[in-house]
Structure formats: C-alpha cells, structure tokens
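Hello,

I am passing a structure over to you, and I hope you enjoy looking through it. Please open it first, and then read my notes alongside.

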Amino acid sequence: ERMKTMPLARLQIVTDVNRIRQHLNRDIQDAIHAKDGKGKKRIEVKYDGDPFHLHIGDKVIVCVNEYDTGVFNGDIGWVVDIVNVYCVHVLLEFTSNIVKMNPSDVKLTLAYVVTTHKSQGSDFDKTVCVLEKKHRHTDRSLLYTMVTRGRARVDIICKPNVLKKVINNPPADRDSDMFRLSGTKKKRKRG
C-alpha cells in the first residue's frame with residue numbers, strides 16, 4: 001500500500017544508453033525535490049565513481065548481490081529514511097521489506113530510469129522507452145526487451161525515424177562479436 005504513494009511507483013522509464021539514464025535520473029530527481037528538497041535529509045553517495053545525492057523518497061536500484069542482507073542486483077526500492085551516512089533504510093518493491101543498507105557497502109543508484117539490461121526479468125504497470133540510435137547494439141531484440149517490460153501501457157520516445165531504424169536493425173550475432181573481439185575463431189559445427 002505504501003508503494004503506491006512513492007514517486008513514479010507504477011511507472012518505469014527504460015533506455016538503451018547508460019549516459020541517458022544518468023542524465024534523466026538527475027533531471028527527474030531535481031524536479032521531484034525542487035519544492036521540498038531543501039528541508040529533507042540527503043547524503044552524498046558514489047556509484048561507479050559518479051557522486052550524487054540520495055534523498056528520502058528517491059527510487060533506487062541495487063547494483064550488486066548482497067547475500068547477507070538478502071538484497072539482489074536489480075532490486076528496486078525507495079529510500080524511506082536516512083539515519084546517517086552509514087545507514088539508509090530502503091523499502092524494497094518486490095518483498096515490501098524495509099532493509100537497512102550502508103550506501104558505501106551496497107551499490108545503489110537512482111532508478112527513475114534504468115537501462116534495458118537492468119530491466120530484464122522485471123515488468124511494470126507502465127513503461128516509457130527512451131530510444132537513441134547511436135550504437136550498433138540498439139536493435140529490434142533490444143526494443144522487444146524494452147517494450148515487453150510494460151504490463152498495461154508502453155510509450156516510446158525517440159527522434160523521428162529512430163524507431164523505424166531500430167526495427168529494421170536485425171539482432172547482432174553476439175557470438176560472432178565475442179569471438180571477433182577475443183581474436184579467436186568460431187568453430188563450425190560439422191553435420
């Protein structure tokens with residue numbers, strides 16, 4: 001029940017580019033906390049060397065498995081309390097449990113926007129897909145993964161003609177890429 005009142009609880013924005021994820025997360029966080037952020041508790045944390053602030057009410061995602069606390073890579077939740085720089089309480093969406101976390105030990109980052117990779121295996125009531133056709137891995141299989149995250153509604157945001165280009169871009173032969181990059185030759189099946 002408490003989940004329904006969290007910012008963007010029923011909506012997930014998914015993008016194919018990590019740089020877009022970072023920028024949109026910051027913009028959304030700034031917009032949410034613009035009015036009431038001055039009086040709220042917040043702490044500075046780092047993820048991948050990128051410092052940012054966590055506020056009470058922020059939507060976050062766990063980026064590594066933490067077997068001791070039962071928190072796993074991809075778990076999404078909301079910061080419900082900041083005790084101090086060593087203790088943050090996060091309400092996890094999947095289990096509805098409140099978990100105490102040390103932000104310097106548990107890798108957390110903002111989750112208003114997640115990458116397609118992090119969204120795999122999850123589904124959301126409403127999904128907004130933000131597409132940017134900049135790199136060769138944005139293909140129709142990636143689009144399929146993005147679109148199938150939404151249960152009730154899916155919106156796609158992209159520049160004109162990007163959707164058509166992505167749909168017409170066949171999935172890359174990931175095995176061929178792996179072998180090419182490793183410098184080894186792919187063995188052919190005899191049949």
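Below is a short tour, from the overall picture down to single residues.

First, some ground rules. This is a predicted model, in which local features need pLDDT of at least 70 and side-chain atom pairs count only at pLDDT 80 or more, while totals for chains, interfaces and linings use all residues. Residues are numbered from 1 along each chain as its sequence is written, and side-chain values use heavy atoms, with hydrogens and water left out.

**The chain as a whole**

The protein chain has 5 helices and 11 strands. These are DSSP runs numbered from the N terminus, with helices being H or I of at least four residues and strands being E of at least two. Of its 191 residues, 41% are buried; buried means under 20% relative accessible area, exposed over 50%, and partly exposed in between, with a 1.4 Å probe and protein chains only. The chain exposes about 11700 Å², and carbon and sulfur atoms supply 52% of that area. Accessible areas come from the Shrake-Rupley method with a 1.4 Å probe, and for residues only the protein chains shown count as cover. Among contacts with a separation of 6 or more, 64% are between residues 24 or more positions apart, where contact means heavy atoms within 4.5 Å.

**The parallel sheet and its helices**

Four strands form an open sheet in the order β9-β1-β10-β11, with parallel pairing. Its edge strands, each pairing on one side only, are β9 (113-115) and β11 (150-157). On average, neighbouring strands here are turned by 30° against each other, direction ignored. Strand β1 (residues 11-15) is joined to β9 by 3 bridges; two strands count as paired if DSSP finds at least two bridges between them.

Which residues of α3 are buried? They are Leu 142, Leu 143, Thr 145 and Met 146. Seen down the axis of α3, the buried residues fall within an arc of 160° (taken from the directions from the helix axis to the C-beta atoms), so they line one face of the helix. They pack against β1, α2 (116-119), β10, β11 and α4 (162-168).

**The antiparallel strands**

Now turn to strand β5 (residues 76-84). Strand β4 (residues 59-62) runs antiparallel to β5, with 3 bridges joining them, and Val 60 stands opposite Gly 77. β5 also pairs with strand β6 (residues 87-92), in the antiparallel sense over 6 bridges. The two form a hairpin with 2 residues between them, and Asp 81 stands opposite His 89 in β6.

β6 is mostly covered, with 6 of its 6 residues buried. Cys 87, His 89 and Leu 91 point one way from the strand, whereas Val 88, Val 90 and Leu 92 point the other way. β6 pairs with β7 as well, antiparallel and over 4 bridges.

Lys 100 lies in strand β7 (residues 98-101). This lysine is exposed, with a relative accessible area of 59%.

**The nonpolar core**

The largest nonpolar core has 39 residues, and those touching the most other members are Leu 54, Val 90, Met 101 and Leu 108. Strand β10 (residues 124-130) gives the most to this core, with 4 residues. Such a core is a set of buried Ala, Val, Leu, Ile, Met, Phe, Trp, Tyr and Cys residues joined through side-chain atoms within 4.5 Å. Leaving aside neighbours within four places in sequence, Leu 108 is in contact with Tyr 47, Phe 52, Leu 54, Val 60, Ile 61, Val 62, Val 90 and Met 101.

Best wishes

Methods:
Axes are lines fitted to C-alpha atoms, for helices over the stretch in contact, and angles run from 0 to 180 degrees between N-to-C directions.
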